[in-house]
Amino acid sequence: YQSASLIAQDISFQLRNKTSFRSIFSQIVKGIPLVMKKGVEGIRICCSGRLEGAEIARTECGKYGKTSRNVFNQKIDYASAEVSTRYGILGVKVWISYS
C-alpha cells in the first residue's frame, strides 16, 4: 500500500465486483499501520458516482493519518482511476502523504 496507483486500481477492481466503499476502505486501513512505519504519514481516498447503484450520485471520502493538500514541500503521491459499471462511471482518487 505504498503506491497510490496500485491502491486506485485495487479499489476500482473491487468496486466493479459490487463491494461497498466502506468495506473497501476499512480493509485498506487495516493494512496501513504496517506501512506507516516505512514513511507513510496518511492516506485519503474519494470515490464518486452512483455508488452501489444508487439513484443519485454521491461522493464518499475517507482518510487515515495526516494528509494535507495545501503544503508544497510535502511529498504526496496521487492517482485516479475510473470504473465502468452498468449504472455509469465511478471515479476513484487516492492521495498518499509521505514523511
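Buried means a relative accessible area under 20%, exposed means over 50%, and partly exposed lies in between (1.4 Å probe, protein chains only). This is a predicted model, in which local features need pLDDT of at least 70 and side-chain atom pairs count only at pLDDT 80 or more, while totals for chains, interfaces and linings use all residues. Residues are numbered from 1 along each chain as its sequence is written, and side-chain values use heavy atoms, with hydrogens and water left out.

**View 1**
From the N terminus on, the order of elements is α-α-β-β-β-β. The radius of gyration is 13 Å, close to the 13 Å that the globule rule gives for 99 residues, so the chain is as compact as a globular protein of that length. That radius is taken over C-alpha atoms, and the rule is 2.2 Å times the number of residues to the power 0.38. Helices (H or I, at least four residues) and strands (E, at least two) are DSSP runs, numbered from the N terminus. Along the principal axes, the C-alpha atoms fill a box of roughly 40 × 25 × 15 Å. Buried residues make up 40% of the 99 residues. Contact means heavy atoms within 4.5 Å. Take the contacts between residues at least 6 apart in sequence: 61% of them join residues at least 24 apart.

The accessible surface comes to about 6,100 Å². Carbon and sulfur atoms account for 51% of that surface. Accessible areas come from the Shrake-Rupley method with a 1.4 Å probe; for residues, only the protein chains shown count as cover. How many side chains are positive, and how many negative? There are 15 positive and 7 negative side chains. The centres of the two sets lie 4 Å apart. Lys and Arg count as positive and Asp and Glu as negative, with His and the chain ends not counted. Each charge is placed at NZ of Lys, CZ of Arg, CG of Asp or CD of Glu.

**View 1. A disulfide joins Cys46 to Cys61.**
The structure holds 1 disulfide, meaning a pair of cysteine sulfur atoms within 2.5 Å. From S to S, Cys46 and Cys61 are 2.2 Å apart. The link is right-handed, with 110 degrees about the S-S bond. It ties distant parts of the chain: Cys46 is in strand 1 (residues 40–49) and Cys61 in strand 2 (residues 58–65), 15 residues apart. Cys46 is buried, because its relative accessible area is 12%. Cys61 is partly exposed, at 40%. Where does Cys47 stand? Cys47 is in no disulfide, and the nearest cysteine sulfur, that of Cys46, is 7.6 Å away. Cys47 is buried, with a relative accessible area of 0%.

**View 2. Ser97 lies in strand 4, and Ser99 in the segment after strand 4 (88–98).**
Is Ser97 buried or exposed? Its relative accessible area is 1%, so Ser97 is buried. Not counting residues up to four places away in sequence, Ser97 touches Gly39, Val40, Glu41, Gly42, Lys66, Thr67, Gln74, Lys75 and Ile76. Ser99 is exposed, with a relative accessible area of 69%. Leaving aside neighbours within four places in sequence, Ser99 is in contact with Gly39 and Glu41. Lys63 is 36 residues from Ser99 along the chain, and the C-alpha atoms of the two are separated by 16 Å.

**View 3. Gln14 sits in helix 1 (residues 4–16).**
Gln14 counts as buried, because its relative accessibility is 16%. Which residues does Gln14 contact, leaving aside its neighbours within four places in sequence? They are Thr19, Ile24 and Gln27.

Most residues other than glycine have a negative phi. Lys18 is in the loop between helix 1 and helix 2 (21–36). Lys18 is exposed, at 68% relative accessible area. Glu52 lies in the loop between strand 1 and strand 2. At 60% relative accessibility, Glu52 counts as exposed.
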